[in-house]
Amino acid sequence: MPDGVLTPYALDHGIGWLTVLADAPPPAHPLLAVSEQGFAAHFPRGPYTSRYYLQCPPDDEPGAWSDARVWDALRTRLGDPDLVSGPITDRETFRLRSLVHDPMQYGRLYLVGDAAHIVSPMGGKGMNLALYDADLFARAVRDAVQDQDDTGLRTYSARCLRRVWNDQEFSHWMTRMLHDAGDASNSGLFHRGLARAQLDRLFTSAAAGGAFSELMTGMDFGEGTGPRSR
């Protein structure tokens with residue numbers, strides 16, 4: 001795209017993750033943990049493998065995390081002193097960041113997936129958004145070729161970006177809530193209080209829990225002029 005056409009909107013969340021792949025028993029259900037030592041998560045990756053995430057300083061190097069340090073941190077943050085360890089086969093650190101490119105089209109060039117947007121991994125929206133872009137684009141091309149209707153192609157960027165910003169907001173909210181509710185050294189005590197109130201509301205308010213479920217699954221967002229109820 002020529003200079004001046006594409007506008008990037010970027011955000012560095014100021015949060016780092018250590019991600020670890022290990023030959024260790026997977027959990028029965030995905031686990032997300034909030035603790036004063038920082039965020040942690042445990043996900044299954046097949047019948048004999050687990051993926052773990054540990055909040056860390058954004059500039060941490062993987063080499064700073066020995067096997068013993070990794071397992072000690074996971075047992076503490078997940079609240080499971082008997083967590084079974086295993087050989088670590090991969091580890092890396094990365095910064096949580098978000099990015100939106102606007103517009104997502106120029107002439108006959110259309111941006112799809114990571115070329116158009118990067119979202120915080122909280123909420124699992126990255127692949128969902130990429131598939132939504134691809135599906136919308138495929139339908140727009142079909143309409144243009146079969147019916148000579150270029151409406152879908154002309155409105156592709158606007159329709160995609162509406163959902164992108166919706167999912168960016170949800171992922172940003174979830175990122176701040178689950179990280180700020182634990183370790184106050186990064187965000188401060190006031191933001192920790194706010195995050196804990198948000199977290200508590202999910203478990204005490206049926207309306208809040210319902211809204212979270214719809215946002216997590218993407219069922220709240222239709223193709224009309226506003227959010228859709230199920």
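Colleague: In this predicted model, which residues count as contacts of Gln55, once neighbours within four places in sequence are left aside?

Modeller: They are Ile15, Gly16, Trp17, Gly38, Phe39, Arg77 and His179. A contact requires heavy atoms within 4.5 Å.

Colleague: Where does Gln55 lie, and why is Gln55 called buried?

Modeller: Gln55 belongs to strand β4. Its relative accessibility is 9%, and buried means under 20%, so Gln55 counts as buried.

Colleague: What makes the pair formed by the side chain of Gln55 and the backbone nitrogen of Phe39 a polar contact?

Modeller: A polar atom of the Gln55 side chain lies 2.8 Å from the backbone nitrogen of Phe39. The limit for such a pair of N or O atoms is within 3.5 Å, so the distance of 2.8 Å qualifies.

Colleague: How do you know that β1 and β4 pair?

Modeller: Pairing needs at least two bridges. Strand β1 (residues 7–22) and strand β4 (residues 50–56) have seven, in the antiparallel sense. Thr19, for one, has Tyr53 in β4 as its bridge partner.

Colleague: What is the strand order in the open sheet, and why are β2 and β8 said to stand at the edges?

Modeller: The six strands run in the order β2-β3-β4-β1-β5-β8, with antiparallel pairing. Strands β2 (31–33) and β8 (117–118) each have a single partner strand, so one side of each is left without a neighbour in the sheet.

Colleague: Which strands does helix α1 touch, and what is its angle to β4?

Modeller: Helix α1 (residues 67–77) packs on the sheet and touches β1, β2, β3 (40–44), β4 and β5. The direction of α1 makes about 85° with that of β4.

Colleague: Is Asp180 buried or exposed, and how do you know?

Modeller: Asp180 has a relative accessible area of 7%. Buried means under 20%, so Asp180 is buried. This residue is found in helix α4 (residues 156–180). Apart from neighbours within four places in sequence, Asp180 is in contact with Ser187, His191, Arg192 and Ala195.

Colleague: Why is Gln148 called exposed?

Modeller: Exposed means over 50%; Gln148 has 63% relative accessibility, so Gln148 counts as exposed. Gln148 is placed in the loop between α2 (126–147) and α3 (151–154). Its phi is near 55°, a positive value in a residue other than glycine.

Colleague: What kind of peptide bond joins Asp102 and Pro103, and what is its omega?

Modeller: The bond is cis, with omega about 5°. Pro103 lies in the loop between β5 (88–102) and β6 (105–106).

Terms used: Residues numbered from 1 in each chain as written. Predicted model: local features only at pLDDT ≥ 70, side-chain atom pairs only at ≥ 80, totals over all residues. Heavy atoms only, no water. Helix = DSSP H or I, 4+ residues; strand = E, 2+ residues; numbered from the N terminus. Buried < 20%, exposed > 50% of the residue type's maximum accessible area, 1.4 Å probe, protein only. Axes fitted to C-alpha atoms, helices over the stretch in contact; angles between N-to-C directions. Polar contact = N/O pair within 3.5 Å; in protein donor to acceptor, adjacent residues only side chain to side chain.
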